[in-house]
Amino acid sequence: MARVQFELPDHFIFTTEVQIYVSHVNQAGHLDNAQLLTLVSEGRARFFRWLGYTEFDVEGVAIVVGDMMAQYKSEGFYGEVIRVEMVPADFNKYGFDLVFCLTEVSSGREVARGKSGIVFVDKVHKKVVPRPEGFMQSLLAQAPELTID
């Protein structure tokens, strides 16, 4: 099977830092692949908070992750601080991809890259809904350089 290849965009609009805790590390002594998703999830929660929302309330609707893709570039270790950079891309009627890059801060070593497919859903009926216009306005207010199809 061919390895997943994923090209990063030229720039990101959001950056935060998270530390790798002992609970993120597996028996081999490095960042566990399942725990990588917790770092990405924390970054995603902070991204929505940066825009003034929570993942459960974006203009009255929630978000869910419809798919996830990650390409590992190097190991991460206990105590390291990871820079999580994010930018939305590939917008569609119901959501977008949230592209991420995780880099170890002190060395600049890339740990992982990938994307989460974000879908907006009605909280009560659990049905996919169109992306909220107010969210798009908030996003463009923070990052006017974004190109939205």
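Reply:
**The salt bridges and their surroundings**

Arg113 is buried, because its relative accessible area is 12% and the cut-off for buried is under 20%. Keep in mind that this is a predicted model. The partner of Arg113 is Glu110, and the closest N and O atoms of this salt bridge are 2.6 Å apart.

How many salt bridges does the model hold by this rule? The count is six. The rule asks for a side-chain nitrogen of Lys or Arg within 4 Å of a carboxyl oxygen of Asp or Glu.

Take Glu80 and Arg109 next. Their side chains meet in a salt bridge, at 2.9 Å from N to O. Glu80 sits in the loop between β2 (62–72) and β3, while Arg109 sits in the loop between β4 and β5, so this pair ties together parts that are 29 residues apart in sequence. Glu80 has 14% relative accessibility, so it counts as buried. Arg109 has a relative accessible area of 26%, so it is partly exposed.

Lys115 and Asp97 form another bridge, at 3.3 Å from N to O. This pair also links distant parts of the chain. Lys115 belongs to strand β5, Asp97 belongs to strand β4, and the two are 18 residues apart. Are these two residues buried or exposed? Both Lys115 and Asp97 are buried.

Now go back to Glu80 and step to a residue it touches. Ile20 has Glu80 among its contacts. Ile20 lies in the loop between β1 (14–19) and α1. At 0% relative accessibility, Ile20 counts as buried. Leaving out residues up to four places away in sequence, Ile20 also touches Val25, Leu31, Leu39 and Ile82.

Strands β3, β4 and β5 bring in helix α2. The buried residues of α2 (residues 133–142) are Phe135, Met136 and Leu139. Seen down the helix axis, they fall within an arc of 100 degrees, so they line one face of α2. These residues pack against β3 (81–92), β4 (95–104) and β5 (110–121), and also against α1 (33–50). What does the face turned away from the buried side carry? It carries the exposed residues Glu133, Gln137 and Ala141.

Val128 is one of them. At 47% relative accessibility, Val128 counts as partly exposed. Its contacts, not counting residues up to four places away in sequence, are Tyr94, Val119, Phe120 and Val121. Val128 and Tyr94 are 34 residues apart in sequence, but 6.9 Å apart in space, C-alpha to C-alpha.

Lys126 is in this loop between β5 and α2 as well. Lys126 is exposed, with a relative accessible area of 63%. Its backbone needs a check. Most residues other than glycine have a negative phi. Phi of Lys126 is positive, near 55 degrees. Glu59 also has a positive phi, about 55 degrees, although it is not a glycine. Glu59 lies in the loop between α1 and β2. Its relative accessible area is 45%, so Glu59 is partly exposed.

Last, the largest pocket. Its volume is about 200 Å³. It is lined by 16 residues, and those closest to its centre are Pro9, Val87, Pro88, Ala89 and Val99. Which strand gives the largest share of the lining? That is β3, with five residues. β3 and β4 each supply at least two residues of the lining. By type, the lining divides into eight nonpolar, two polar and six charged residues.

To draw it together, return to the bridges. Glu80 and Arg109 join two loops. Lys115 and Asp97 join β5 and β4. Those strands are among the elements that the buried face of α2 packs against.

Definitions and conventions:
Residues are numbered from 1 along each chain as its sequence is written. This is a predicted model: local features need pLDDT of at least 70, side-chain atom pairs count only at pLDDT 80 or more; totals for chains, interfaces and linings use all residues. Side-chain values use heavy atoms; hydrogens and water are left out. Buried means under 20% relative accessible area, exposed over 50%, partly exposed in between (1.4 Å probe, protein chains only). Helices (H or I, at least four residues) and strands (E, at least two) are DSSP runs, numbered from the N terminus. The arc is that of the directions from the helix axis to the C-beta atoms. Contact means heavy atoms within 4.5 Å. On a 1 Å grid over the protein atoms alone, a cavity is a set of points where a 1.4 Å probe fits but cannot get out, and a pocket is an open set with protein on both sides within 12 Å along at least five of seven lines; lining residues have an atom within 4 Å of a point. Grid points are joined across faces, edges and corners, and a volume is the space filled by probe spheres set on the points. Ala, Val, Leu, Ile, Met, Phe, Trp, Tyr, Cys and Pro count as nonpolar, Asp, Glu, Lys and Arg as charged, and the others, Gly among them, as polar.
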